[in-house]
Each structure stands twice: as C-alpha cells, then as structure tokens.
Amino acid sequence: MIPAVDAQENDVMRKPNSMKGLEDLGRVRLSQNFFLRDFLHSEIADFYRIPNIPEDPDLAIEAGKRLCEELLEPLEATFGRLHIRSGYRSPAVNRFGNENKLNCSTNAATAAHHIWDMRDFDGCMGAAVCIAVPWMVDHYHDESDWQRLAWWIHDHLPYASLCFFPKLWAFNIQWHERPKRVIQSYISPRGILTKAGMANWEGDHAACYEGFPPLRN
C-alpha cells in the first residue's frame with residue numbers, strides 16, 4: 001500500500017499551529033484513495049467553532065492508515081465510492097458533543113474509535129469512521145436490509161466493530177488492534193446482531209447477501 005506522502009519514516013509530527021501546518025497534515029496520504037483531510041470534517045467542530053485537529057498526529061495517521069488500507073479500500077473497490085459521514089474527532093470536539101448530547105460517547109469510550117489519537121484503556125490503537133454506501137441505497141429498500149451488508153463485511157473484512165444507523169444505513173466501522181467483531185444496530189432489528197459466543201457468529205453467511213459483488217482489493 002502507498003504510505004503517507006508527507007510523513008517520512010522516523011519523523012515526529014506535531015500538532016499544527018498554523019493553517020499551513022494543517023494543510024500539510026491534511027495532505028498526508030493514508031491509503032490509495034484516502035487522505036487525512038477526508039476525515040477531519042465535523043459538523044460539531046464547524047458549527048461550534050472547535051478545532052478538529054489531532055493532538056498526536058503520528059498516532060492518528062498510524063491508526064487511520066490501518067482503517068483505510070484494511071477496511072475502506074476493499075469496501076470502495078467492491079461497492080464504489082463511499083460517503084464519509086463522520087471520521088476523526090479531537091478529544092475537545094468529542095467531549096463537547098458528549099456534554100451537549102450531540103450523539104457522542106465519553107472520550108474514554110471513544111478512544112481508539114472516533115478519537116484516533118487516543119489509545120483505549122488497554123493501551124490499544126484503533127480508528128473508526130461513519131460511512132454510507134450509495135450502492136446499498138440504490139439496490140435495497142427494506143428497513144432490515146442493512147443486515148445484508150453487515151454479514152458481507154463480517155465474512156470478508158477484519159473489522160473490530162460495526163454499528164448501523166437508520167438514515168442512509170450509515171454505519172460506524174472500526175479497525176482495532178484487538179478486534180472483538182461485534183455488530184449492533186439502531187435499525188430494526190435493534191440490538192446486537194452478532195458477537196463472539198453467539199450461535200450465528202461462526203460460519204458462512206453468504207445466503208444473507210446473495211447477489212452482492214465479490215470482494216475486490
């Protein structure tokens with residue numbers, strides 16, 4: 001895979017303190033089709049004027065590269081262009097969102113998830129993004145059809161967690177050093193679709209996504 005174009009090996013990147021520095025950070029290439037700038041937009045940050053800038057760019061880049069290379073690139077290669085809804089959140093943005101009931105969990109719960117540059121309680125690295133897949137919106141219409149894509153991802157990609165939402169069947173997809181491979185949803189049927197220990201977690205689920213394109217890398 002293609003490395004970040006502006007991050008040289010052994011370089012230590014610091015939090016930008018100028019617009020030029022933020023421009024340079026945004027140009028860091030995380031994978032073939034994704035740059036860091038793709039993930040820095042936040043409605044919370046824009047509306048409430050809170051900078052959405054990584055405190056630890058190196059950690060954000062390292063986690064973001066794994067997310068893009070192992071999960072987003074195969075999804076885009078298979079289903080076409082992805083729509084990024086919410087990517088990286090700085091600790092300040094996420095804290096504000098949590099305190100003001102703007103659909104953000106606590107920083108501790110969001111570390112190694114939307115907060116790419118904060119390790120979790122176990123010291124593990126991770127990154128998540130909320131995306132929608134236009135191919136799904138064009139091909140399926142029943143409320144429960146999100147399960148088709150969920151099972152396809154479960155069978156083909158090394159995701160850590162998935163969480164689906166009603167609008168556009170958008171979903172959080174997480175890469176993590178220690179993936180638990182849990183799928184949950186706020187769409188009917190709500191709750192946990194699968195996790196380790198459930199009878200449906202193992203095996204092949206191809207019958208659930210018949211007609212889907214084969215995995216492309």
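Q: Which residue stands opposite Cys130 in strand 2?
A: In this predicted model, the residue that stands opposite Cys130 of strand 2 is Ser86.

Q: And how do strand 1 and strand 2 run, and how many bridges join them?
A: Strand 1 and strand 2 run antiparallel, and three bridges join them.

Q: What about strand 2 and strand 4, how many bridges there?
A: Strand 2 and strand 4 also pair, in the antiparallel sense and over six bridges, and within strand 4 it is Phe171 that stands opposite Ile131.

Q: Is strand 2 buried or exposed?
A: Seven of the seven residues of strand 2, which covers residues 126-132, are buried, so the strand is largely enclosed by the rest of the structure. Both of its faces are covered, with Gly126, Ala128, Cys130 and Ala132 buried on one side, and Ala127, Val129 and Ile131 buried on the other.

Q: Switching to pockets, what space lies in the largest pocket?
A: The largest pocket holds about 1500 Å³ of space. Its lining is made by 43 residues, of which Arg89, His113, His114, Phe165 and Asn172 are the closest to the centre of the pocket.

Q: How do the residues of the lining divide into nonpolar, polar and charged?
A: In the lining of the largest pocket, 22 residues are nonpolar, 13 are polar and eight are charged.

Q: OK, and what volume has the second largest pocket?
A: The volume of the second largest pocket is about 320 Å³. Residues that line it include Leu22, Glu23, Arg37, His41, Asp46 and Ile53, and the elements that give two or more residues to this lining are helix 1 (19-26) and helix 2.

Q: Which of them gives the most?
A: Helix 1 gives the most to the lining of the second largest pocket, with three residues. That lining as a whole divides into six nonpolar, three polar and three charged residues.

Q: One last topic, where is Thr194 found?
A: Thr194 is found in strand 6, which covers residues 191-194. With a relative accessible area of 0%, Thr194 is buried.

Q: What does the side chain of Thr194 make a polar contact with?
A: The side chain of Thr194 makes a polar contact with the side chain of Asn200, at 2.7 Å. Leaving aside residues up to four places away in sequence, Thr194 touches several residues, among them Trp151, His154, Tyr159, Arg181 and Trp201.

Key:
Residues are numbered from 1 along each chain as its sequence is written. This is a predicted model: local features need pLDDT of at least 70, side-chain atom pairs count only at pLDDT 80 or more; totals for chains, interfaces and linings use all residues. Side-chain values use heavy atoms; hydrogens and water are left out. On a 1 Å grid over the protein atoms alone, a cavity is a set of points where a 1.4 Å probe fits but cannot get out, and a pocket is an open set with protein on both sides within 12 Å along at least five of seven lines; lining residues have an atom within 4 Å of a point. Grid points are joined across faces, edges and corners, and a volume is the space filled by probe spheres set on the points. Ala, Val, Leu, Ile, Met, Phe, Trp, Tyr, Cys and Pro count as nonpolar, Asp, Glu, Lys and Arg as charged, and the others, Gly among them, as polar. Helices (H or I, at least four residues) and strands (E, at least two) are DSSP runs, numbered from the N terminus. Buried means under 20% relative accessible area, exposed over 50%, partly exposed in between (1.4 Å probe, protein chains only). Two strands pair if DSSP finds at least two bridges between them. A polar contact is a pair of N or O atoms within 3.5 Å; within protein, one must be able to donate a hydrogen and the other to accept it, and residues adjacent in sequence count only if both atoms are side-chain atoms. Contact means heavy atoms within 4.5 Å.
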